[in-house]
Amino acid sequence: MSEPFDAVDVIRTKRDGGAVPEPALRWMIDAYTREYVADAQMASFAMAVLLNGMTRDEIRVMTDAMIASGERMDFSGLGKPTVDKHSTGGVGDKITLPLAPLVASFGVAVPQLSGRGLGHTGGTLDKLESIPGWRAALSNDEMFAQLQDVGAVVCAAGSGLAPADKRLYALRDVTGTVEAIPLIASSIMSKKIAEGTDALVLDVKFGSGAFMQDVEKARELARTMVALGTDSGVATTALLTDMSTPLGLAIGNANEVRESVEVLAGGGPADVVELTVALAREMLALAGRPEADVEGALRNGRAMDAWRAMIRAQDGDPDAPLPTPRETHTVVAEDSGTVRRMEALPFGIAAWRLGAGRARAQDPVVHAAGIDLHVKPGQTVTAGQPLFTLVADDESRFPRALDAVRGAYDIGADLGAASAPLVLERITA
Ligand code: URA
C-alpha cells in the first residue's frame with residue numbers, strides 16, 4: 001500500500017521554519033513507529049524541531065500521535081479521583097515516596113508510573129527496590145486493585161504506553177536532540193496522558209542539578225506542558241522549583257527511603273517537607289480536596305499508615321532493615337564559617353560514581369551507596385566538623401567521587417549570594 005506522505009517533505013517543512021500540517025505530522029509519528037520512516041529521517045526531523053521549534057498545535061498533534069501509538073489506561077471505574085505528579089528530576093529528589101501515600105491518605109488515587117535512573121538523577125523505582133521484597137512490576141489488574149484498596153501505587157510503566165516515544169527518546173539521546181522543549185514536553189505528557197490520570201501536577205526544576213538548568217527554559221517547558229495537559233482534558237498545574245542544591249540530606253537509594261520515612265513520621269529535612277507539602281496541596285486541590293490538612297496527616301500517622309499499606313501491597317516489608325554500606329568516607333570542614341554553596345550536579349555525579357546510579361540501562365545499582373550530607377547551605381560549621389559522608393560497597397570508588405565534588409561547595413565568612421526560594425512560581429493554564 002502506498003504511503004500518503006513523504007518523510008522528506010515533512011523534514012523540509014520543519015527545516016524551513018514552517019508548521020507541519022496535522023495529517024502529515026500524525027503520519028510521520030505512526031510511520032516511524034511502524035519503522036517505515038528511518039532513524040536517519042526522524043533524527044533530521046528532531047534536529048529541525050530543536051532549531052525551529054513547534055507551534056502549540058503541532059506539539060498537541062505530536063503528543064496525541066505518540067499516545068495513539070500505544071495503549072491508554074482507564075481508571076474511570078475506580079470511583080475516586082486520580083491525580084499524579086511528574087518531576088523533571090533532580091539530585092536527592094525522593095519526593096514521590098512520601099507524597100504518593102500522603103495524597104492517597106485523603107481518599108484520592110495516585111497512579112504513579114515511574115522509571116529507573118540513568119545518569120546523575122535517581123529513579124524512584126531504584127529507591128523503592130532498596131526495600132526487601134518490594135516489586136516494581138504490576139499487572140494492570142494488580143494496579144487497579146491497589147488503587148482501589150490503598151490508593152497509592154508506584155510501579156514500572158509497561159512497554160505498552162507511548163511506544164513511539166520510547167523509540168524517539170532513544171534516538172534523541174544519541175543525536176543531540178534531547179533538549180528541544182517541544183520534544184521533551186510531548187515525550188513526558190504523552191506518557192502521563194496515556195496513563196489516564198484525571199489531574200497532574202508537574203514539578204519542573206531549574207538549577208545545576210536539573211535537566212533544564214536555566215530558569216527561563218524551565219518556565220517555557222512548564223508552560224508548554226501545562227497547556228498540553230489542559231488541551232487534552234487533564235487538569236494540569238506546575239511548580240517551578242530550585243534544584244541548585246541537593247534536596248534533603250540523603251542522595252542515593254536506601255538512604256533516600258530512610259529520609260522519606262522520617263518525613264512520613266512527621267520529621268525530616270525542612271526542604272523535603274516543604275516541597276512534599278506544596279505538591280500535595282496542588283494535587284489535592286486538583287482532586288477537589290483543597291481543605292485537606294496535609295501537615296496534620298504527616299504528624300498524626302495517617303500518611304505513614306498509607307505508606308506501610310502501599311509497600312506491603314507490593315510485597316515489601318516496611319519494617320525490614322534497609323541495606324547498609326560496607327565502606328564510608330567522611331569529609332570534614334577545613335575552616336570555620338558558613339556553608340555558602342553545595343552544587344547539586346557534582347553531588348549527584350559523585351553519588352552516581354559511588355554506585356547509586358547506573359551508566360547503562362542494564363547495570364544494577366548499589367542500594368546502600370550514596371552520600372549523606374550533614375550540613376546544608378546557610379549553616380555555620382567549625383573546622384573539623386563533618387560536612388558529608390560518602391558511602392559505598394567498595395572503597396576504590398571514593399577517589400572519583402571526591403574528584404566530582406572538588407570545588408562544589410565552599411565555606412566562607414558570610415552567607416554568599418542570597419538563596420532562591422525552593423518553590424519559585426506556580427504555573428497554571
Ligand atoms: N523525560 C522524558 O520522559 N522525556 C524527555 O524527553 C525528557 C525527560
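**Entry 1: P81**

I began with P81 and looked up its contacts, setting aside neighbours within four places in sequence; P81 touches G107, V108, A109, D198 and A287. The model I am reading is a predicted one. I then located P81 in the loop that runs between α4 (56-68) and β1 (83-87).

Is P81 buried, exposed or partly exposed? I found a relative accessibility of 32%. Because partly exposed covers the range between under 20% (buried) and over 50% (exposed), P81 counts as partly exposed.

I also checked P81 against V381, which lies 300 residues away along the chain. The C-alpha atoms of P81 and V381 are 47 Å apart.

**Entry 2: the ligand shell**

Which residues surround the ligand? I listed Y169, R172, I184, S187, I188, K191 and F211. Sorted by class, I recorded four nonpolar residues, one polar residue and two charged residues in this shell.

**Entry 3: polar atoms at the ligand**

I next looked up distances from polar side-chain atoms to the ligand. For K191, such an atom is 2.5 Å from a ligand oxygen. For R172, I noted a polar side-chain atom 2.9 Å from an oxygen atom of the ligand.

I then turned to the ligand's surface. Taken alone, the ligand exposes 240 Å², and the protein buries 84% of that.

Finally, I asked which elements give two or more residues to the shell around the ligand; these are α8 (163-173) and α9 (181-194). The largest share, four residues, I assigned to α9.

Note on methods. Residues numbered from 1 in each chain as written. Predicted model: local features only at pLDDT ≥ 70, side-chain atom pairs only at ≥ 80, totals over all residues. Heavy atoms only, no water. Near = heavy atom within 4 Å. Polar contact = N/O pair within 3.5 Å; in protein donor to acceptor, adjacent residues only side chain to side chain. Areas by Shrake-Rupley, 256 points an atom, 1.4 Å probe, with all protein chains shown as cover. Nonpolar A, V, L, I, M, F, W, Y, C, P; charged D, E, K, R; others polar. Buried < 20%, exposed > 50% of the residue type's maximum accessible area, 1.4 Å probe, protein only. Contact = heavy atoms within 4.5 Å.
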